[in-house]
Amino acid sequence: MKLGVSACLIGTMCRYDGTNSKDGFITNILQEYFEFVPYCPEKMIFSTPREAIRLVNIKDEIRVVTSNTKKDVTEELKNISQVCIEQMQKDELCGFILKSKSPTCGLERVKVYQEVEAPSEKKGIGVFAEKIKENFPLLPVEEEGRLNDPWLRENFLMQIFAYKHLFEFFKSKPSFKELVEFHTSYKYLIYSKSQSSYKELGNIVANHEKNSIEEVLALYKVAFLEAISQKGSISKTYNVLLHILGYFKKLISKEEKQEMLEAMEEFKEEIIPLIAVIKLLNIYTKRFNLEYLLQQKFLNPYPKELALRSTVKAYK
């Protein structure tokens, strides 16, 4: 799996001051599961070390200007960012992690300076980041700073693995029957994000209009990627857990059911992490060999060794 990253995040000395912004989660954890493809538009056109650049509001237009000499380098950065976009199309990435606050790579809340003496505002987006969003609107993209939030990290990795799975599935040239099976396996994962999205996807799979498989897959692709890009919430996840528990109501004892309900309530109250509840559900699923649940991506959306749900409690 190829994951695009801002080069400084994996230790490349490409920042303006000749340093890097190496991120421990990326280099220590994610490198075990992904092939990193580094990008740094600034390094491709400027030397290192170099003068810092910033976003500046000039006559209601956001430009990129060097901090000391005030040279406008907007067009240079836009052009080289487009070159990077063309390379991304060849690299077939399954996601991208950008450097936060960067006038090139910052995804949101990048500081925008004023041309005259006035307070700066955190409302900009980096030049390269903006082009990524324009050209790959459904690609999983996140900033390294936001990945410090356990729930956002969980959502991002869940999205990446689902994104990759979809494209691998499409390469197999699936039949309608195989599409139904794929769709079914993502029921509760998508439910944890949006029940209306799952209903929309179900209508596409039902194919009441009798479209060709190619037309159905094209519609499904967009709707699926939009669905998995949504963030889950504590209430939606709790409801999904209750749905899954329903499969065991006639199979487990009253005491076991009570234990499960208590665990779910403790998750809801942020006492225990999500993995504790998922572990119990997986134990019962395997004990009773419930094929439908064994196929559900919600219970095992990515390699368990990532241990992301060990820190996930609630997101309100």
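**Helix packing and aromatic pairs in a predicted model**

In helix α6, F176, L179, F182 and H183 meet I213, V216, L217, Y220 and F224 of helix α9, a contact being heavy atoms within 4.5 Å. By type, the residues of this contact of α6 with α9 divide into eight nonpolar, one polar and no charged; here Ala, Val, Leu, Ile, Met, Phe, Trp, Tyr, Cys and Pro count as nonpolar, Asp, Glu, Lys and Arg as charged, and the others, Gly among them, as polar. This is a predicted model, in which local features need pLDDT of at least 70 and side-chain atom pairs count only at pLDDT 80 or more, while totals for chains, interfaces and linings use all residues. Residues are numbered from 1 along each chain as its sequence is written, and side-chain values use heavy atoms, with hydrogens and water left out.

Turning to the geometry of this helix pair, α6 (residues 176-185) and α9 (residues 213-228) pack at an angle of about 15°, and their axes are 11 Å apart. That angle makes α6 roughly parallel to α9, because angles under 35 degrees count as roughly parallel, over 145 as roughly antiparallel, 65 to 115 as roughly perpendicular and the rest as oblique. Axes are lines fitted to C-alpha atoms, for helices over the stretch in contact, with angles running from 0 to 180 degrees between N-to-C directions. The crossing of α6 past α9 is left-handed, that is, the near helix is turned anticlockwise from the far one by less than a right angle, clockwise being right-handed.

Helix α6 also holds S185. This serine is buried, with a relative accessible area of 8% (buried means under 20%, exposed over 50%, partly exposed in between, with a 1.4 Å probe and protein chains only). Not counting residues up to four places away in sequence, S185 touches Q295, Q296 and K297.

Aromatic residues deserve a look of their own. One aromatic cluster is formed by F169, F170, F182, Y186, Y220 and F224. In total, the structure holds 19 aromatic pairs, where rings of Phe, Tyr and Trp (its six-membered ring) pair if their centres lie within 6.5 Å, and planes under 30 degrees apart count as stacked, over 60 as edge-to-face and the rest as tilted. F248 and Y284 make a tilted pair, 5.7 Å centre to centre with 50° between the planes. Distant parts of the chain are linked by this pair, as F248 sits in the loop between α10 (234-245) and α11 (254-268) and Y284 in helix α12 (residues 274-287), 36 residues apart. F248 counts as buried at 0% relative accessibility, and Y284 is buried with a relative accessible area of 4%. F248 forms a tilted pair with F288 as well, at 6.5 Å centre to centre and 45° between the planes. F288, in the loop between α12 and α13 (291-294), is 40 residues apart from F248 and is partly exposed, with a relative accessible area of 23%.

Elsewhere, E76 lies in helix α3 (residues 74-91) and, at 31% relative accessibility, counts as partly exposed. Leaving aside neighbours within four places in sequence, E76 is in contact with I45, F46 and K71.

For the protein overall, there are 13 helices and eight strands, taken as DSSP runs (helices H or I, at least four residues; strands E, at least two) numbered from the N terminus. Of its 316 residues, 49% count as buried.
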